[in-house]
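Take a moment with the model below. We will walk through it in short steps, from rings to a helix to a pocket.

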Amino acid sequence: MHDTHTPTSTDTRTGADTGTGAGAGAGAGAGAGAGAGTAGLRPEEAGATAAARLAAVAEATGHLLRTVAALDPAAVTGPSALPGWTRGHILAHLARNADSLVNLLESARTGTDIPQYASLEARDRGIEDGAPRPPAEQLADLDRTAGRFAAAAATLPDEAWTATLRHRTGYLFPAYDLPWKRLMELEYHHVDLDAGYTPAHWPEEFAAAELARLAAHLDGADGLPALLLVAEDTGTRTRTGGPGADALTVEGPVRALTAWLSGRSDGDGLQVHRAGALVPDPRTALPSLPPLG
């Protein structure tokens, strides 16, 4: 789920700061994210797409800041849902990620190839150094960096949103996908805080777009059986996994499906059918998903 980073190489979670984040929507290449099917947008279309996503970012940022404001010092230093990371690590990562995306926004504005981070070491050091800070400092940093990101995005003319940017892992993506990358960081890592915000709180539009993105990324994955994913609340039916007839039908709310595909659920809220028969415990039937990072 990852940068949206996962601190360990074995963690299969998705996010946007690693190569599988929003870039995974384009096969970890051109960075489709929720922008699949939006390649080659005209400037006014790119600007409108970015503006809609920035509105979602602002809403998600508000939710996160309210959660962090309620944390006590012990909660910040306690473990998160990401192996090896405290909640403080996640909060520091989100702040430094906002700073890194400001660099990419400046790259789009100026046409200069500005690195997302000065180096991998600097990125990791920023997270480690910021993790132990008390809640008030974490909150102030998140608020300040979110403001910097919003202000930098507001300066971009429509033409700049058509620029090609370079992710820290090297792949290229259109600038209008950058707000979705930030949204992924906020929504996935808010859940990872393990502080009361769950996949059930995700906006339906986010969950639906991520379900499509993750299913596309996993389509044809080695060792994964053919799956039919049925979102009972939205009516969407999505195939992913290996070739051939559907080995399993996985059905449930769109948020529950996305939570499972993104590694943030073991299948709670889902039903699994094999050869038309309901499996009593879906967690015993759901296949292990390949790493996304």
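A charge sits over a ring if NZ of Lys or CZ of Arg is within 6 Å of the ring centre and within 35 degrees of the ring normal. Arg123 does this over the face of Tyr117, 5.7 Å from the ring centre. Lys181 lies over the face of Phe173, at 4.3 Å from the ring centre.

A word on the source. This is a predicted model, in which local features need pLDDT of at least 70, side-chain atom pairs count only at pLDDT 80 or more, and totals for chains, interfaces and linings use all residues. Residues are numbered from 1 along each chain as its sequence is written, and side-chain values use heavy atoms, with hydrogens and water left out.

Now find helix 6, residues 178-192. Helices here are DSSP runs (H or I, at least four residues), numbered from the N terminus. Helix 6 has 15 residues and reaches 21 Å from its first C-alpha to its last, close to the 21 Å expected at 1.5 Å a residue. That expected span is 1.5 Å times one less than the number of residues. Buried means under 20% relative accessible area, exposed over 50%, and partly exposed in between (1.4 Å probe, protein chains only). After helix 6 comes Asp194, with a positive phi near 55°.

Next, look for aromatic pairs. Rings of Phe, Tyr and Trp (its six-membered ring) pair if their centres lie within 6.5 Å; planes under 30 degrees apart count as stacked, over 60 as edge-to-face and the rest as tilted. The whole structure has 5 such pairs. One of them joins Tyr188 and Phe206, edge-to-face, at 5.5 Å centre to centre and 65° between the planes. Tyr188 lies in helix 6 and Phe206 in helix 7 (residues 204-218), so the pair ties together parts 18 residues apart in sequence. Both Tyr188 and Phe206 are buried. Trp180, Tyr188, Trp202 and Phe206 form one aromatic cluster.

Which helix gives the most to the lining of the largest pocket? Helix 1 does, with 6 residues. Lining residues have an atom within 4 Å of a point of the pocket, an open set on a 1 Å grid over the protein atoms alone where a 1.4 Å probe fits, with protein on both sides within 12 Å along at least five of seven lines. Among them are Ala56, Trp180, Pro203 and Phe206. Ala56 sits in helix 1. The C-alpha atoms of Ala56 and Pro203 are separated by 9.1 Å, yet these residues are 147 residues apart along the chain.

Technical notes. Helices (H or I, at least four residues) and strands (E, at least two) are DSSP runs, numbered from the N terminus.
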